[in-house]
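Please examine the model shown here together with the explanation that accompanies it.

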Amino acid sequence: MGDFRMPSLGADMEEGTLLEWLVKPGDTVHRGDIVAVVDTAKSAVEVECFDDGVIDALLVDPGQVVPVGAVLARLEGSAAATGPTSAGLPVVSPVTPIAPSPLVRHRAHELGIDLAAVRGTGADGVLHRRDIEELARPAPTRPRVSPLARRLAEANGINLGTVSGTGAGGAIRADDVRKAMAAPAMAAPAIGQATGPTMSGLDADQRATAMRNSIAALMSRSKREIPHYYLSTTVDLQRTSDWMRERNRELPVGERLVPSAALLLAAARAAREVPELNGHWVDGAFRPAADVDLGLILSLRSGGLLVPVLAAADTLDISQVMALMRDLTRRARAGRLRGSELSQPSISVSNLGDQGVESVIGVIYPPQVALIGFGAVIPRPWAVDGLLGIRPLVTVTLAADHRATDAAIGARLLKTIDRILQTPEET
Amino acid sequence: MVTKTAAQSATPTTTPTADGARQTTYREALREAHRDALKRDPRVFLMGEDVGRYGGSFAVSLGLLEEFGPERIRDAPLSESAFTGAGIGAALGGMRPIVEIMTVNFSLLALDQILNNAATLLHMSGGQLAVPLVVRMTTGAGRQLAAQHSHSLEGWYAHIPGLRVLAPATIEDARGMLWPALEDPDPVLIFEHGSLYNLAGTLPDGAAEVDISRAAIRRVGSDVTVIAYSGGLGKALAAADLLAAEGIQAEVIDLRVLRPLDDDTILGSVRRTHQVVIVDEGWRSGGLSAEIAARIAEQAFYDLDAPIERVCGAEVPIPYAKHMEEAALPQPADIVAAARRAVAPNG
Amino acid sequence: MTPDQARAMLETTLREIVPDADLSTLAPGADLRSTFELDSLDFVELVDKLSTRAGFRIEEDDADGLRSVEAVTAFLVTRSAHVGQQA
Amino acid sequence: MTAIDKSHGTRHSVASQPPRRRASATEPSATTPTTLAPKPQTMTTATEPADLLRQMMRIRRFEEKCAELYSDTKIRGFLHLCIGEEATAVGVMSALAPSDAVISTYREHGHALARGLSMDSIMAEMFGKVTGCSRGRGGSMHLFDAERRFYGGNGIVAGGLPVALGLALADRMNARPNVTACLFGDGAMAEGEFHESANLAALWKLPVLFCCENNGYAMGTALARTHAETDLAARAASYGMVSWAVDGMDVEAVAEATRRAVAQIRGGGGPCFLELRTYRFRAHSMYDPDRYRDKSEIEQWKRADPIPALSGPLLSSGTLTEADLRRWSAEIDAEIEAAITAADQGELEPVADLTRFVTSEANPTGGPW
């Protein structure tokens, strides 16, 4: 003996409406008797009970919607043996769709969205304004790049923003990327595109992520492919300091020279004198560059790196270097570098003296073959002509690609830098 | 090409050559495959409309009635559902029936049996009832047979789990697919393109069985992968010749097996060429070409250097008039144009 | 120039280079260059702007000593008084 | 008895007043079978009336329990019950040999039980358990047992008929003296597959027994509303096969007619057709509101209920006692309870096995595909 429950009359039936009782309390029922009429989603069905007994109580009124399994009637003697009564079971009300607000309807109409075809995120699928806005959000524009080209560029640290596409509709294809890889002078460095035209549609986070990814790709490639060797020397900056101090007395305050300018210029002129380190390693061979395009590696305060280029830096005088350095640095930090200022350098300099670093053991930017590092200019004891004195010293380092050169060449570069810094008047 | 006389001859017309290879036709290769199977296995019999006295509507079984008798070459009434279902029952009863249905359009009358029984019984019975049935039918257009004898519906069958779907496009496959299909413990459908029966060529000596699980690379190339099958293969190869003259090296894949698709061969080629053209005489919407394109996009997306191109039958019932029928079907020029779009930088 | 004026001048000037610079929580002797990560170019700019605002040239030898709020304030107060006397 | 001999076929009726139902105004036939000569040899054993009765009681009680289990959501999917039609299931199966083949419909619990599938395996199947006769892949509509040559409940009306021809063809080509019985409803006779199959079976003289369980309704549509000629036996006879109309509420008549037909088929006489006139007491399926027929019609047919129709005479003749019936009921109830317990405890097939049996595990090229 058991309760009489809302039967399941089909695999898709979850609830039913009790339409009519065909029995009343006190009636004796037998297994198989029709006791009620139930309305399902399909039709009204007479339902039977599967037990013999006497109807004790009818627990659900006609018109009520109850889920399958809900107790509809208690048979005498069976109530105690069963679990929930109808009071404990959820009674499902008929679902009436709730109309979206007038504002939502208005916006939907403006945007040509068919409300009947959209289910929102609100309760019972009601459309909210945010749903409409989401539907109306324009798809972000994205450069047309074939999947293969995208993969190649990522693996080789190629900045897609500077590759011109030759495919349909200007799409970048694999060959375009391969050309960019083979012709480094034409390609922009992977690092630095954060301010480039292709990044303008991105927000700060996306830019930072993109920059991080390109730094990661390029540095990984460098460490994977380039057998670095490292050299270091200490240079006495007394003569340069003195000479600059002298010059600065005559210059307006805002145009005063700082030691970095002298260091950059020395690096550029040394690269001209040691052309074996000024150029690129491409397809298994070193290709010297015609000019000394000096990459100035700038660490941004917010993280990330930019490498603006001082084109033909060896041909500049120190005031020009100072002015360019000032201008590039300011614009780099403001995110206003031009694409041409981010072209591929022939050699790069990392000057971390202002960060208080003593020496820089650099990672070469492929396909370049050398990176010159400058540490802080620090007054230290130093022997000159057999006498100990306090001199401003700087540690100059070289990270070089062993595939392109050996240490003797590297040493020559460092010696040249030293020589230049000892004869500041020639700059 | 072989003449009508040869096609209707009941006796083998293959001509041996010096090295043991023979000049023959697709039709004769099919007939030889039947004769071989009927001789090798007493459980094998052929059943279908006009397969006996008439010799087969496409003359594939010409002469077999005389050789094997009416018990094994059974003319059936025009009851596609009944004799296809009888093939299923006979397979359950231990036989190895070959059911011939005249064209794929007529097979729709037997679709209930093929889908609801042949492809389903094994699974629905919890592994108890395997159905080693072979169903052969003609597919494809190109013979001005209009809209009820010309369609390419093999893609529909390739949709159905449990079926192996074969599409021999060469004489060697026509000769070699039947026996492994009969040896398969599960149902196999073989689609013969109506335009291929007269295809003439050389059959290597001793060719009897081929692998019915792999696609074949019919021409190696480096610039673009052209995927075709059945009647489309010849057109793809013709297109590859034209492309080669322009300096574009097309790799031509003959699918051979429409279900299960040989993903390895398809994807392996795409990973080398990075450009794809899919040729399917069937309709584009929801068709076999769509399935192949989707698999490439799913599994070789980062190897693609251009959008996938499809050359499909026009979305019309096949018309009768010759020029209209030709316009409705993929042609070598269409394949060439698609390959150019895929390869050429400014396509 | 009072110490408060000098301090305000430094803060205004510094904010042109480091927009969110805040001196209120800074120890009087804390190093400006390291606190605000000023490199040598920034420092030249700071000195240049201070010089313009204060109305007198700041020599490089003096500039080297402008390391902290305390030092800058003292320098500006002293020099402005000196300049005023001269005027 | 009426016997119409035609040049292309023979139609017999074992009912002296065959129920010729038109729409709902039908009268259940309460006739007993006329003795038909000659008596065929059969290979079956379980044909004692008492045994037939017990089998019908077992099917009835099993299905009543199924309805309850369905309402209780233990059984899902479609559930088609044959309550009222037990005599056709038990009568036909009693006359078949174990080596004969059977193809059935989606209303096949009775056929399966009478054919010898265990109640445990059927119940477990409906519970979706791996211990079911189709490993839970078929459910109520698709019970299979290859060992008993029970080729399944086919869910497509008339879909099993062509397959029956093939099974029969294979037996014939291998000279095996088996009969393939296919069961189907009156609705199937409107399908092309019936007519294709009847023609082909008669044409090739295949050893097929067509058993049409004519319960008067194709789902909710009465015979006369879909068939221009409602005499189904006559239509079958037009294909040139021997056909009989039988009182399908009389299990002994069904058994006898089947024995005769099987003997004729086994003797090489080609296919036979039996129209078994019966009635289902319950709706088409659990979700069927049963609006298409009068309650009075159902009540009228219930007076021809095959179970009391047989138990009454057996009790009055003293062949059986009320105690026998009570004992059987108790045994059947116990068997059902045991089957439910076993089904409840049965394992579910691991989901990892989902794609098993799409293709044969013995397939040399792997799979599934």
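This is a predicted model: local features need pLDDT of at least 70, side-chain atom pairs count only at pLDDT 80 or more; totals for chains, interfaces and linings use all residues.

Residues are numbered from 1 along each chain as its sequence is written, and chains are lettered from A and ligands numbered from 1 in the order in which they are written.

Chain B contributes 40 residues and chain D 38 residues to the contact; two residues are in contact if their C-beta atoms, placed from the backbone, lie within 7 Å. On the side of chain B that touches chain D, helices H4 (80-92), H6 (111-118) and H7 (121-124) of chain B each supply at least two residues. Helices (H or I, at least four residues) and strands (E, at least two) are DSSP runs, numbered from the N terminus. H4(B) gives the most to this side, with 12 residues.

Within chain D, strand E3 (residues 101-105) is largely enclosed by the rest of the structure, because five of its five residues are buried. A residue is buried if 20 or more other C-beta atoms lie within 10 Å of its own, the C-beta atoms being placed from the backbone. In a regular strand the side chains alternate between the two faces of the sheet. From E3(D), D:Ala101, D:Ile103 and D:Thr105 point one way, and D:Val102 and D:Ser104 the other way.

E3(D) pairs in the parallel sense with strand E5 (residues 180-185) of chain D over three bridges; strands pair if DSSP finds at least two bridges between them. Here D:Val102 has D:Ala181 as its bridge partner in E5(D). E3(D) also pairs in the parallel sense with strand E4 (residues 150-154) of chain D, over three bridges, and D:Ser104 stands opposite D:Gly153 in E4(D).

Conventions
A residue is buried if 20 or more other C-beta atoms lie within 10 Å of its own, exposed if 12 or fewer, and partly exposed in between; C-beta atoms are placed from the backbone.
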